[in-house]
Amino acid sequence: MDIELSTEDLAFRDEVRAFFSENEYKPGEDYNQWRLDWFAKAREKGGWDIPKWPTDFGGPGWSPTQHYIWEQETAVVNLPWDMPFGIGMLAPVLMAYGNKEQQERFLPDIRARKVNWCQGYSEPGAGSDLAALKTKAVLSEDGSHYTVNGTKMWTTMAQIADWIFCLTRTDDSGIKQQGITFLLFPMNQQGIEIKPIITLGGAHTINTVFITDVKVPVENRIGEEGKAWTYAKGLLQHERTGLAGISRSIIALEKLKNQAGTVKRGNATLMDEPGFRAKVAELEVDLMAAEFTELRSLASASAGAAPGPESSILKLKGTEIQQRIQKLTVEAGGIYSAAWGAKPVGPSFAKGGMGGYLASRAYTIYGGASEVQKDVIAKNVLGLKRSR
Ligand SMILES: Cc1cc2nc3c(=O)[nH]c(=O)nc-3n(C[C@H](O)[C@H](O)[C@H](O)COP(=O)(O)OP(=O)(O)OC[C@H]3O[C@@H](n4cnc5c(N)ncnc54)[C@H](O)[C@@H]3O)c2cc1C
């Protein structure tokens, strides 16, 4: 997509590029130190470490075009490793519903990437139907703390998380969306047991978390008791916007085209085959449409609005596009893609193709499965009524 950039925007793009090249990771450097320094230097630039935070909390206050430029540029460089849970999910909840003391207590460490957070939403019987969650939190008689018991499921990076933000049930007398309470507590304490789940792609990123008699001071409750359904839904919209990965897909598609151009087919290449070209072209069109949707969402975000139901369109289309790219990568690698995990054979890009493909199966499940996003779109974007 061509966006006409003004002289100021072009200057901003140059500044971003210069920042990335000056602060590139150099082989042999202590990675962790480089990572923390990178964020500290981005902070000195005026909130570049927290592009999406509002200016009241130190964000840069960029225009939609500046956000767009940032997204484009970050897709082609090696950014320091970062987790979305604190910076992109809990922080907006703290800003909207946390009290001043909680904001001052938690936001600085989130910003400095000193504390890793994980998301304790899903449970064995509560995924798409999140409001069915059963992890129980009971307030002590003196009102000083909650005692939490239950099981959280699919918890990403729980094994390295310092803290968890957790949906708990404090009342089950009303409809299931009522009586849910948002609590924060440390992971490294007695009563927390973490069991790994190895995914189809062979990685350990997700876990089951067993919570037994964990005491949580009442000061660690965000907002009112029993009212967390509203906060939880807001957080999900931030999560969904972040999962679309449009800029990364643009780069990945270009890479795929180059790779397919190296695969011989008679006197030509796979990229010259009409069937393959048609699939790539279809992807390109869908990607462009998703890019425009993202731009609309960036425009309203930079005007201060929280993400709305359009985040479901982005999540749905963005993750499907990522999966289609992975699928075509396996197709381009042909039989050599099957050698995943073994000694590489065939074109170098084929190694890892199958691992990426298998891992990508989860994209349309986490952050709310595609069917659930379609429901949200039907109700909140198209205004359709549920049939009886
Ligand atoms: C890799 C990965 C990482 C994750 N990380 C986290 C995390 O860090 N924290 C966290 O809290 N959760 C996490 N999750 C959980 C994720 O949010 C849930 O898996 C997801 O919400 C789906 O819930 P479920 O797995 O219980 O499936 P179910 O809800 O049981 O759904 C099973 C199938 O039924 C379909 N379905 C369900 N309801 C409907 C409906 N109303 N209409 C039509 N179809 C429907 C679904 O689309 C799906 O295909 C992660 C999941 C994965 C795979």
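At what angle do helix 9 and helix 10 pack, and how far apart are their axes? I found an angle of about 155 degrees, with the axes 9 Å apart. Axes here are lines fitted to C-alpha atoms, for helices over the stretch in contact, and angles run from 0 to 180 degrees between N-to-C directions. Helices (H or I, at least four residues) and strands (E, at least two) are DSSP runs, numbered from the N terminus.

Before going on, I noted that this is a predicted model, where local features need pLDDT of at least 70, side-chain atom pairs count only at pLDDT 80 or more, and totals for chains, interfaces and linings use all residues. Residues are numbered from 1 along each chain as its sequence is written.

**Helix 9 with helix 10**
I can therefore call helix 9 and helix 10 roughly antiparallel (over 145 degrees; under 35 is roughly parallel, 65 to 115 roughly perpendicular, the rest oblique). Among the residues that meet are Gln 322, Gln 326 and Lys 327 in helix 9, and Met 354 and Tyr 357 in helix 10; contact means C-beta atoms, placed from the backbone, within 7 Å. By class I noted three nonpolar, eight polar and one charged residues in this contact. Ala, Val, Leu, Ile, Met, Phe, Trp, Tyr, Cys and Pro count as nonpolar, Asp, Glu, Lys and Arg as charged, and the others, Gly among them, as polar.

**Helix 7 with helix 9**
Next I followed helix 7 (residues 246–260) to helix 9 (residues 310–333): their axes come within 10 Å and cross at roughly 15 degrees. That makes helix 7 roughly parallel to helix 9. This contact has nine nonpolar, five polar and no charged residues.

**Domains**
I see the chain divided into domain 1 (7–82), domain 2 (88–93 + 115–229) and domain 3 (244–381); the bounds come from an automatic or database domain assignment. The C-alpha centres of domain 1 and domain 3 lie 25 Å apart. Their contact takes 12 residues from domain 1 and 10 residues from domain 3.

**Around the ligand**
Which residues are closest to the ligand? I listed Tyr 121, Gly 127, Ser 128, Ala 369 and Glu 371, out of 18 that surround it (C-beta atom, placed from the backbone, within 6 Å). Helix 11 gives the most to this shell, with three residues. Domain 2 and domain 3 both contribute residues, so the ligand lies between them.

How values were computed. Contact = placed C-beta atoms within 7 Å.
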